[in-house]
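Please look over the sequence and the model shown here. A short report comes after them.

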Amino acid sequence: MNRSAAPATGKSSGGAPKIDAYSVPVGKRRRSPREVLVFVLLSAGSLLFLLPLWWMISTSLKSPQEIAQYPPTFIPKEFHFENYVHTWHAAPFTLYAFNTLMLAFFAVVGNVLVNSFIAYGFARISFRGKKFWFSVLLATMMIPGFVTLIPQYVLFSKLHLVGTYYPLIIPQFLGSAFYIFMLRQFYMGIPKELTEAAKIDGANHLYIWARIVIPLSKPALAAIAIFAFNGAWNDFLGPLLYVNDEVLYTLQIGLQSFRGSVQTQWNYLMAGSVIVLLPVIVLFFLFQKYFIEGMNLTAGTKG
Amino acid sequence: MKTTAETLKPGASGPQKKKRSRLARREELQGYLFILPWLIGLFGITLFPMLFSLYGSFTNYDVTSRMDFIGLGNYARMFRDDPLFWKSLYNTLFYVALMVPLTTIGSVLLALMLNERIAGMRVFRTIYYLPAVLSGVGVYFLWIQLLNPSTGLINTMLGWVGIPGPAWLSDPMWTKPAIIMMKLWSVGGGMLLYLASLQGVPSQLYESAKLDGASAFRRFWHITLPMISPVIFFDVVTSFIGGFQIFQEGYVMTDSGSGGPMGSLLFYNLYMWNQAFKLFDMGYAMAMAWVLFAIVLVLTLINLRMSKRWVYYEGGED
């Protein structure tokens, strides 16, 4: 593994013409031994990375007898698709999915609108104390979640909101330091001339934000929408803390409690896991571009 | 600060001056209007709760009835009479100390390989990134299954090469490595981060280094590494802070937070959670939260300090 850390260590001593990743593209050329090595390594690695997912699907289709069998089989001898039907009906997954979608909806709307709004303020309006507040914003990113988690719980319990979705929804509309930071960097990069004209015509910031900046930042906002959706979909801690009625269970909590009811029936548990993970996988393949856009934005925020 | 509208207006002077300050005030107001949601959140669900928890950490608060001031009682109990506190701290430090370097090195290596121009690169990138977007209970269940000592995938594959795999999640020695292995499955996120910054390294740098006869290894060491060091730093700091917050893995993979075999997966936050929401010993849990905050803060500051030595910022620094 270590070999690949330093590109072409093996090759560097030789006097042969050096072609490596860092050279400018030169159209068709012969594959160097190192490229072949990297290709082989990457192929083997991607098999390793995909096997767990294959294992999940394959286990979800097996009979309990086949799961217990040693050595385990990679391809089920018989495909028990009815495992999925059984799982879906064994616990109220329809309800869980509906609840989760609702929370994800609020998370997406809140995060996209509010973070963009706040980021615009930090990026494009000059006001006294801006530097101070911005450094406070950066500092809050260092606070571990658990420091605020317990007193927040106390707060929401004093407001009699424990057992409702409010503690999960309200924070989504109060901005997230990281997304604000990310979007602010993005907004700083939008050429001033684009907003200047509107300003001379007397447009206020609200107008400029809604009509000029938002349309220009669609890819960044799409990335945030996807991260927010993913975050809400996978949130375990929040619902675990604030939701106790089964009617309000989300997929994550529902799946966790499903384990208690099926015990060691791993075919059903894996079917349940596939059900919960599949939407994220589909989303990933549909919007891969924006996932990557989001990571690029993150990379752009450092230093 | 002048508003842009003014600076563009020709001959802005005299009576215009008054107008400018009014405009500036309006600008000021709008600025605060825009960051208002964040300010509400900052005071409402961050600073106020934190102050409350700071005070609470000196009490025996239990949410419902008592809240007596007990001075440093919680802290004394933590450091002196609570072996589980030390155990959970040890578990967390152990995890962070292994996870951060391994995931960082793993994602840099992966990014370097995926930065090559070879066939099928897009497909490779997709495959390696996919696991990183998956998280939550489904993933933990999958890994419990993969780590099954007799019929799990991992020990089956180890068996092929003649290694008898350990009883991962039931052997206290192997529980944390098992969790770290699971984390390594999702290095794709960090990989993308590095890939983005690798592609930002100007190719002229490599060209001229090559003309000077620098070997590929030296080019990596003296060009690539310094150029991506700000991202490495960012990644290390965030995975550090994130690593200390490990909770769900311990909770889901150990039967609702029991902490696993011999408490080997009793992470700091898991122990804090149990204190707060199972025993309702809130005062103690809040004290624990502040100790964690202090630890993370100190380590982050050390990180920042050390970064001056190895992080390279283009166009000078400070």
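## Basis

This is a predicted model, in which local features need pLDDT of at least 70, side-chain atom pairs count only at pLDDT 80 or more, and totals for chains, interfaces and linings use all residues. Residues are numbered from 1 along each chain as its sequence is written, and chains are lettered from A and ligands numbered from 1 in the order in which they are written.

## Contact of chains A and B

Chain A puts 95 residues into the contact and chain B 89 residues; two residues are in contact if their C-beta atoms, placed from the backbone, lie within 7 Å. On the side of chain A, the largest share is the 13 residues from helix α2 (residues 33–60). Helices are DSSP runs (H or I, at least four residues), numbered from the N terminus.

## Helices α4 and α8 of chain B

In chain B, the axes of helix α4 (residues 83–114) and helix α8 (residues 175–184) come within 10 Å and cross at roughly 30°. Axes are lines fitted to C-alpha atoms over the stretch in contact, with angles from 0 to 180 degrees between N-to-C directions. α4(B) and α8(B) are therefore roughly parallel (angles under 35 degrees).

Residues meeting there include Phe94(B) and Leu98(B) in α4(B), and Ile179(B) and Ile180(B) in α8(B).

## Backbone details

The Tyr70(A) to Pro71(A) peptide bond is cis, with omega near -5°. Pro71(A) lies in the loop between α3 (64–68) and α4 (82–90) of chain A.

Val63(B), not a glycine, has a positive phi of about 70°. Its place is the loop between α2 (16–56) and α3 (73–81) of chain B.

Conventions:
Helices (H or I, at least four residues) and strands (E, at least two) are DSSP runs, numbered from the N terminus. Angles under 35 degrees count as roughly parallel, over 145 as roughly antiparallel, 65 to 115 as roughly perpendicular and the rest as oblique.
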